[in-house]
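Here are my notes for your first look at this one. Have the view open and go through the points in order.

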Amino acid sequence: MAQFDLTSRMGQYLDRHLVFPLLEFLSAKEIYDETELLKAKLDILSKTNMIDYAIDIRKQLYPNEEVPEDLKQRRQHVVAQLQELQQEVQPILKIMADDEVMKNMENMRDSKTLINFLSKDYKFEIEMIESLHKLAKYRYECGNYSVSTSYLYFCMLVLPPNDKNYLSVLWGKFASEILVQNWESALEDLNKLREYIDSSPNQFGGNSLQLLQQRTWLIHWSLFVFFNHALGRELIIDMFLYRPHYLNAIQTMCPHILRYLATAVIINRVRRSALKDLVKVIQQESYTYRDPITEFLEHLYVNFDFDGARQKLHECQSVLFNDFFLISCLDEFVENARLMIFETFCRIHQCISIGMLAEKLNMNPEEAECWIVNLIRNARLDAKIDSKLGHVVMGAQPLSPYQQLIEKIDTLSVRSETLCGLIDRRLKARTDIRWGNQDF
Amino acid sequence: MSRFFAGSDSDSDSSSEEEPIQRAPAPVFTFSDDEEEVKRVVRSAKEKRYEELTNIIKQIRNYKKIKDMSSMLTSFEDLQKAYVKALPVIAKEESGQTPRFFTRCLVEMEDFINEMWEDRDGRKNMSKNNSKSLASMRQKLRKYIKDFEEDIAKFRENPDQPDDEEEEEKHEPEPDTQTEAPAKAVAKISKQIVDDEGSSDSDDWPSDSDSSSDSFDEDEGKGTMRERFLKKTGPAHEDDEERDRRKEERRKERKEKERRKVKKEDEEDGEGEWEFVKGGIAIPSEKPKMFAKDAEIDLNLVIKKLSEIMAARGKKRTDRREQIELLHELQNVSDQHQLGPAIYVKIKFAIISAIFDYNPKVSDAMKPEYWMKLLERMSEMLDLLLSNPQLFVSESVTEETENLEEPPYKIRGCVLTSVERLDDEFTKLLKECDPHSNEYVERLKDEAKVSEIIDKTMKYLERTNAPSELCRIYLRKIEHLYYKFDPRVLQQKAGEIPRDLYTSVQEMEKLCKFIYAKDGTDRLRTRAILSHIYHHALHDNWFQARDLVLMSHLQETIHHSDPSTQILYNRTMAHLGLCAFRHANIKDAHNCLVDLMMTGKPKELLAQGLLPQRQHERSKEQEKIEKQRQMPFHMHINLELLECVYLVSAMLIEIPYMAAHEFDARRRMISKTFYQQLRSSERQSLVGPPESMREHVVAAAKAMRNGNWSACNGFIINEKMNAKVWDLFYQADAVRAMLTRLIKEESLRTYLFTYSHVYDSISMATLAQMFELDKPVVHSIISKMIINEELMASLDDPTQTVVMHRSEPSRLQSLALQLADKINNFVDSNERILETKQGNFFSRGMNQGNFRGDRQNYRGTNQDWSRQRRDHRKEY
């Protein structure tokens, strides 16, 4: 199953700390060698300050070896540094401890008045923010994500958006929120970050490459939010498919994201219209990236090869099962994919034998019949079952020319009326102005 | 040497054929002139000034004869100056009266110019330079002559009166009217003898007429030399008459020659001949000057000599050929004395630029022998530069900081510019040749050498590592690389040869990426991208090529770039189209090629030849510029192939579309060119079997319209078409197989569109059999048609048939539908008007009939558009 695993590709665009959940997941799935995974973890940890965790993993990897001296030393060093940094920002920490002040702060309009307020009453200096930022980073490196979140929140309140640290504060906050699994605020941060990146292209010196990189990171990090937040499945389509910048970034930098986009579109029953656009993109990128999920869509909507689609659906299940982000929507996916096959089938056919349908949907005939009956009962399908022959007969009748005509003319009167209304309003507005002029 | 001859040497710019005639008698004349010089030791100021004037007048006469306007203009300017100089003398000696010979000259010139001006045909045939000079000459002369109006009037009253100074009847006022020449010549000769005995100064006048007539004689052969001596020693009327007669004949001949010359100015053989004669004089007279025999030759001396030679560069009187030889000699001298690599390079530079200078016109190609020399020198120099890391050649080195004596050497100069010039010359040279001759092939063999030189330069420049220079040389390299097909690339793709082999695609990748990253100018990058795309397309890397096109967004900006880049863009699009076609992306192929083919002049757009012009669509200059832009033949793209690919893809798109929308009022043409072909064949009352490629495609289209795929296939793929078109593809069989498949599929679609109304149901197995397609393919095609609502039918799974819905509207119904459509349009346009009135510009409807727009933006914006349209619907 390793061939469809994207962890190594995704890893390039994720923060060290964000990779851990993925690795944890992989070790649970046992598709890779356990020791290799542990080694990878250790390697990632070596650059962070999570010494204790590193020591743990070392013990797992080499149970017989002693913990090396330098790790212990580093641990002491880290603790000392932490102390030092904390000393520096003592006033701020005090402020933060005071709930009332924090409440006041939140009500402040902009950072300038806030800074004035703080420096007047609480011995606050703007230089401290720098240290606070450092401390937050340090905390984050140590794995104290929630502490770092609150520090960074403070930073965000105080710093003006054109500060050089502002972007890194945003990223830090976003990462911490993801790691503490606080999806609501993570989503908020995600939107803030996206706005920041999109609205200030000059921030990156007009360097489109850097901009592209930022977007690519954002795309990857946001996956955590999109597949965990309730609204995520809507938002992922909006952001990835209908924001040209992001779609471009996906196409040029990371076509593997198409898997997540495709999954999101498939499980989103309401937005079937997105399918067409998605299929276009998938076809365009088919030479750089393909996996069972994109192939499934291709089979179903480009080639109308139902056998192929069925096969791919089967493969999809195992891919989804082994994907950190997608495992939660496996059932939904299968259900919707079946429905899609069936819908397409119905649109083309007027008479289907249940046996064949069952085969196409990876079900046994009775189950399939039951499923169809449910569909018909829920009025999502205009069809009847011929139980003697074992057929499903579609009830849909072709549009007669008369109906077509009616449909075409249907909206005309409404449109004309609105048009007239608009013109009337404009005329009135004009005369109003004239009246107004006469007053003076 | 007399000044006259020195002067005439310098006018070789005009490179006329007459020059051998004039220069030929030189040895004889130098001899006779020397004699005169002895006599002329003591002269008065008057004599000196007058001699100057007469010399110039002589020149003017000569130019008049050969109609060399530009030289005449300069001489005329000299004359004015000389006359100003002579003014004090004239005031003293002649009591302010203008000398008669001077007036005569002015009158003659005026007449001549007027005559030339009147002769419109002649003027048209003149070279650009000459006609320009003629115009300015006319202006200047008019102005100048005003000062002498009185004298001229006097002169015109009595033109035959002898010159007051010379007391001699002279030339006819108009040199071109020869009828009265014999009589005058007789008089002249007799006078001349008297003069010879009398004043030595007066010699100048008759010697003019002598020199001109002599020169004609010389042309015929040495035998006539006798005549000259005869003439000088005694009166020989018969001889003179005979000579004048001959002169007349020759003049006619010459005129004819001149006319011919104008027509084919660039003809080589005339020049070759000229050179041969010239070599005789120039070398013996100049060579001894090189170094004094016993001089100690060291670096400084050589440098001095070099700068001496180089100082003459670009001057009017310098003999460029001689300069090259001198430099070569200097090279030998410095080699013999082993003066170090720096001076070697320095001299090489000088030689190279001298060779470049040799050709006075930028638009003309060099002569092959100089080209060969240039190649050798260039590669010698580069070898030396490469083997000698201590040589530093740069433009930033000034004359003062040059260091030729010890390492690290510093030399002023720019290798890159020379190499670029060399490359340009090579292209010119190729364009000069007839592409179907052996000569072209011979020249093309030098391509390898040029590439080698560029490689060497690359290596050399990589040492110095200046990004902007590297970019330039890389682009040169790219331009030698991009159009060449490397079969190894495809073999590598097929896995026949190992992955790590370095093919041209990788090389292109490397060079282009460097330029993308380092280039500061937009032009180099644009050209690099286009070449890169071209190369990818050539090697069937369709996706890479397409992505590069889309990412570069060149389609939007290409209209603002220079013509040669636009040509490259057109070439790139042509190949991209071919590549798309090979990949069975018919729509893309059509889109790529439609811009080229729609205009009907792909030949011009690809710079592969000029169309015959209609009613002076372009001026001479324009034509010249356009000619310079043409591609050399070996880089041409086969136009027939291009057109065939375009027509076939248009057929594959258009025919099913036509069948589907047979009664649709809003049907629009996809390909105008294809329609034209179809219509023109329909107009014929009798259609014979197809002959040309176009007829084949049209016949195939007709067969396809009837759903007859095998006939269609037979028309597209047969012996004739194979030889003409398909065999030009690298993997022709694959392309043919692809075509057959597509023809079957599209024929099936057309068949279903056309004949669905006669069927109630049709079995898929039958269809598969009819079109020899696999059943899943038929199923897939029909499903697609049903989903897209092109075919009003549905499948019946248990019986494997297509059941038609028979919902085709009756005539009344379809008319009603059309009416509804029209009303819809009407309301739409009303809304649009209101929108624009409100200043709310929508790009709605932009994509109607705008295929290109679709293509250009199909990565990002297209989705936007469709969304916009959807949003609109919601509003209503």
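1. Buried area here is the accessible area (1.4 Å probe) that two parts lose on being put together, summed over both. Between chain A and chain B, that comes to about 3,900 Å², with carbon and sulfur atoms giving 59%. On the chain A side, Gln284(A), Tyr287(A) and Arg415(A) lose the most area to chain B, together 17% of what that side buries.

2. Bear in mind that this is a predicted model, where local features need pLDDT of at least 70, side-chain atom pairs count only at pLDDT 80 or more, and totals for chains, interfaces and linings use all residues. Residues are numbered from 1 along each chain as its sequence is written, and side-chain values use heavy atoms, leaving out hydrogens and water.

3. Counting contacts (heavy atoms within 4.5 Å), 40 residues of chain A touch 42 residues of chain B.

4. Look for Arg415(A) again: its side chain meets that of Asp828(B) in a salt bridge at 2.3 Å, N to O. The term needs a side-chain nitrogen of Lys or Arg within 4 Å of a carboxyl oxygen of Asp or Glu. Chain A and chain B have three salt bridges between them.

5. Now try the helices (DSSP runs of H or I, at least four residues). The axes, lines fitted to C-alpha atoms over the stretch in contact, of α23 (residues 401–410) of chain A and α39 (residues 811–837) of chain B come within 10 Å and cross at roughly 10 degrees. That makes α23(A) roughly parallel to α39(B), a label for angles under 35 degrees. Among the residues meeting there are Leu405(A) and Ile409(A) from α23(A), and Ala816(B) and Leu817(B) from α39(B).

Technical notes:
Chains lettered and ligands numbered in written order. Axes fitted to C-alpha atoms, helices over the stretch in contact; angles between N-to-C directions. Helix = DSSP H or I, 4+ residues; strand = E, 2+ residues; numbered from the N terminus. Parallel < 35°, antiparallel > 145°, perpendicular 65-115°, else oblique.
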